[in-house]
Amino acid sequence: MKEAAKAAIRLASLAGGCLCIPAALAGPLDNTECIAPAKPGGGFDLTCKLVQTALLQGKYINQPMRLTYMPGGIGAAAYNAVIAQRGDRGNSIVAFSDGSLLNLAQGKFGQHTENDVRWLSAVGTDYGALIVADNSPYRTLADVMKAMKADPTRVVLGAGGTIGSQDWMKAALLARAAGINPKLMRFVAFEGGGEALTALQGGHIHVVTGDAAEASQQQMAGAKIRILAVMSSERLPGRLAQVPTAREAGAPIEWPIVRGFYMGPRVSSADYAAWRETFSKMMADPAFERLRAERGLFPLTLVGNDVDAYVKKQIADYRTLVKEFGLSVAR
């Protein structure tokens with residue numbers, strides 16, 4: 001019946017009739033939406049725009065994906081809204097990162113846990129980065145650590161996240177590497193990475209403990225910033241090839257950042273499967289690899305059960321880490 005109805009619609013359109021498709025015939029890849037759980041300009045925005053472009057260019061969707069910004073609680077507002085109000089929307093996907101998983105490990109998303117959504121896919125990975133303004137007196141990461149050790153209140157760090165967030169964790173790891181108690185460092189929390197980089201360029205903070213891809217994209221867009229080090233095990237390729245790793249710069253810190261998507265808990269199995277298969281095909285296309293590289297992301301392709309297993313393991317590991325810093329752990 002459904003195929004017959006679609007055929008009738010096609011005939012009507014050829015005859016100059018109505019071009020409207022009844023809602024009952026709309027599928028999960030019609031009128032698509034990507035929710036970025038922060039304001040424009042940050043890593044969630046980058047992740048949504050990557051998939052928005054890849055889906056349209058690959059002709060997996062017929063019209064541009066709508067981007068919705070839902071800031072609040074570094075992902076908490078979107079997580080709770082999707083579960084409570086949009087749980088069955090088969091055409092909506094929500095961006096997440098390791099920061100989201102870290103917050104879940106600490107119970108920062110309220111009563112909800114990692115078991116309350118459907119994890120769809122990981123589309124790439126980024127790495128933590130230490131960023132300063134172009135006119136900063138700190139020319140190397142060693143300069144920053146020396147200043148922090150001399151006077152922890154002298155260096156103001158900032159990023160998109162409150163105490164216990166992944167960006168705060170990067171700052172805490174930097175403080176520990178500098179030989180000071182993380183509780184003594186000055187840290188300013190912003191709603192997203194975009195706000196933090198704006199404050200950095202305005203001289204309101206001195207160092208952003210952010211993300212390499214996000215910072216690289218902002219540089220390309222004209223932001224007056226410098227990346228002092230990346231938190232990867234090896235130097236990154238492309239535009240960041242000349243940037244030392246944190247370990248090379250004197251701080252043995254590594255912080256990979258997965259970027260991906262989840263869906264509401266009541267999305268039908270058929271709609272979820274359609275997205276899972278679409279992501280598998282999309283990420284196998286060399287065109288997607290190019291788009292991902294252009295945004296400074298590195299390969300990590302997980303879908304369905306594989307990304308679900310990854311998420312659950314990461315959250316378990318984060319629960320161990322937050323205990324080391326004396327933070328609350330979700331039960």
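1. G161 touches I74, F187, A189 and F190, leaving aside residues up to four places away in sequence; contact means heavy atoms within 4.5 Å. This is a predicted model, where local features need pLDDT of at least 70, side-chain atom pairs count only at pLDDT 80 or more, and totals for chains, interfaces and linings use all residues. Residues are numbered from 1 along each chain as its sequence is written, and side-chain values use heavy atoms, with hydrogens and water left out.

2. G161 sits in the loop between β5 and α6. Helices (H or I, at least four residues) and strands (E, at least two) are DSSP runs, numbered from the N terminus. G161 has 0% relative accessibility, so it counts as buried. Buried means under 20% relative accessible area, exposed over 50%, partly exposed in between (1.4 Å probe, protein chains only).

3. Strands β5 (residues 156-160) and β6 (residues 186-190) run parallel, joined by 5 bridges. Pairing requires at least two DSSP bridges between two strands. Helix α6 (residues 166-177) carries the chain from β5 to β6, and this β-α-β crossover is right-handed: with the strands pointing away from the viewer, the path from the first strand over the helix to the second runs clockwise.

4. The disulfide count is 1. A disulfide is a pair of cysteine sulfur atoms within 2.5 Å. Here C34 is joined to C48, S to S 2.1 Å. The pair links distant parts of the chain, 14 residues apart: C34 in strand β1 (residues 33-36) and C48 in helix α2 (residues 43-57). The S-S torsion is about -75°, so the disulfide is left-handed. C34 is buried at 0%. C48 is buried at 0% too.
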